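These are my notebook entries on one structure. I list what I looked up, entry by entry.

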Amino acid sequence: MGFTIGGIREMRSGTRRRGRAAGATAVAEYTGLWGWAVAPGARASGGVCSCGDSACAAPGAHPLDFAREVPPGATPETAAEAWAQVPGAAMLLPVGRTFDVLDVAEAAGRRALVRMERLGVPLGPVAVTPTGRTQFYVALGAAVGLPGLLYRMGWDDAGLDLRALGRGAYVTAPPSDLGGLGPVRWLRPPDPGTTAAPPQARLLLGTLAYICHRW
């Protein structure tokens, strides 16, 4: 027998147990090692969200209303116990608490990442989504400050496919599935040197804006 979240059938018992263990381990790493909260998120299959709302605006990409976040600093035991209450949930990271996110098209983001690594630009975690986006984790304030930064750099009227996510937004954490389209993956995984203090957005924006403009 499988189990369901809001009517969507999930994996069978053996795979389910392995998936639960892997999910709990990842949650424990995010909360205990990196100091991020993790919110249990909805899943989607065939465009239908597990929240049960037929008119859901973000199928498989929003927190579950009934589930509590696993707080930063949670022990592995606490994380495992909390995640056992929401089998099959996606892992979502709240934006605007310890980091903001710069979101660009995948091709442009990958090219910009290569260039920034070559130039030695300070970088935080970088993820790629199955929807074709690259997400750069940066210091708080990027979402509020992005328009002003782009203006001062002369990119404010360039029509860039570049946006910033801030407080109130959530991103799907690797290796969770996003909207039934596939897993989110790290291009540059978290590390102790940048997770607690991600780089300021202004350090990345010059390269990101230039690549987005040319792409």
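I looked up E117 and found a relative accessible area of 41%, so E117 counts as partly exposed. The scale I used calls a residue buried under 20% relative accessible area, exposed over 50%, and partly exposed in between (1.4 Å probe, protein chains only). The model is predicted: local features need pLDDT of at least 70, side-chain atom pairs count only at pLDDT 80 or more, and totals for chains, interfaces and linings use all residues. Residues are numbered from 1 along each chain as its sequence is written, and side-chain values use heavy atoms, with hydrogens and water left out.

Which side chain meets E117 in a salt bridge? The partner is R188, at 3.2 Å from N to O. I noted that this pair links distant parts of the chain, with R188 in strand β12 (residues 185–188) and E117 in helix α3, 71 residues apart. R188 is partly exposed at 24% relative accessible area. For a salt bridge I required a side-chain nitrogen of Lys or Arg within 4 Å of a carboxyl oxygen of Asp or Glu. Helices (H or I, at least four residues) and strands (E, at least two) are DSSP runs, numbered from the N terminus.

Side chains of opposite charge can pair when their charged atoms come close. I found 6 salt bridges in the structure. One of them joins R133 to D103, with the closest N and O atoms 2.7 Å apart. R133 sits in strand β9 (residues 133–138) and D103 in strand β7, so this pair ties together parts that are 30 residues apart in sequence. I checked both for cover: R133 is buried at 17% relative accessibility, and D103 is buried at 1%.

D103 also forms a salt bridge with R163, where the closest N and O atoms are 3.4 Å apart. R163 belongs to strand β10 (residues 162–165) and D103 to strand β7, so the pair ties together parts that are 60 residues apart in sequence. R163 is partly exposed, with a relative accessible area of 45%.

Entry 3, the positive patch. I found a patch of positive charge on the surface where R111, R115, R118 and R214 gather. The rule takes residues with over 30% relative accessible area and no salt bridge, and joins like charges within 9 Å. Helix α3 (residues 106–119) gives the largest share of the patch, 3 residues. R214 is in helix α5 (residues 201–214).

I counted rings of Phe, Tyr and Trp (its six-membered ring) as a pair if their centres lie within 6.5 Å; planes under 30 degrees apart are stacked, over 60 edge-to-face and the rest tilted. This rule gives 5 aromatic pairs. In the pair of W36 and F99 the ring centres are 5.2 Å apart and the planes stand at 65°, so the pair is edge-to-face. W36 is in the loop between α1 (13–33) and β3 (39–41), and F99 is in the loop between β6 (90–94) and β7 (100–105), 63 residues apart. W36 is buried at 2% relative accessibility, and F99 is buried with a relative accessible area of 2%. I also noted a cluster in which ring pairs link Y30, W36, F99, Y137 and W186.

I placed D100 in strand β7, and its relative accessible area of 3% makes D100 buried. D100 and V184 are 84 residues apart in sequence and 17 Å apart in space, C-alpha to C-alpha. G46 lies in the loop between β4 (44–45) and β5 (48–49), and G46 is exposed at 83% relative accessible area. The C-alpha atoms of G46 and D191 are separated by 35 Å, and these residues are 145 apart along the chain.

I looked up the bond from P174 to P175 and found it cis, with omega near 5°. P175 is in the loop between β11 (170–172) and β12.

Methods: Patch = residues over 30% accessible without salt bridge, like charges linked within 9 Å, V, L, I, M, F, W, Y side chains within 5 Å. Areas by Shrake-Rupley, 256 points an atom, 1.4 Å probe, with all protein chains shown as cover. Lys, Arg positive; Asp, Glu negative; His and termini not counted. Charge placed at Lys NZ, Arg CZ, Asp CG, Glu CD.
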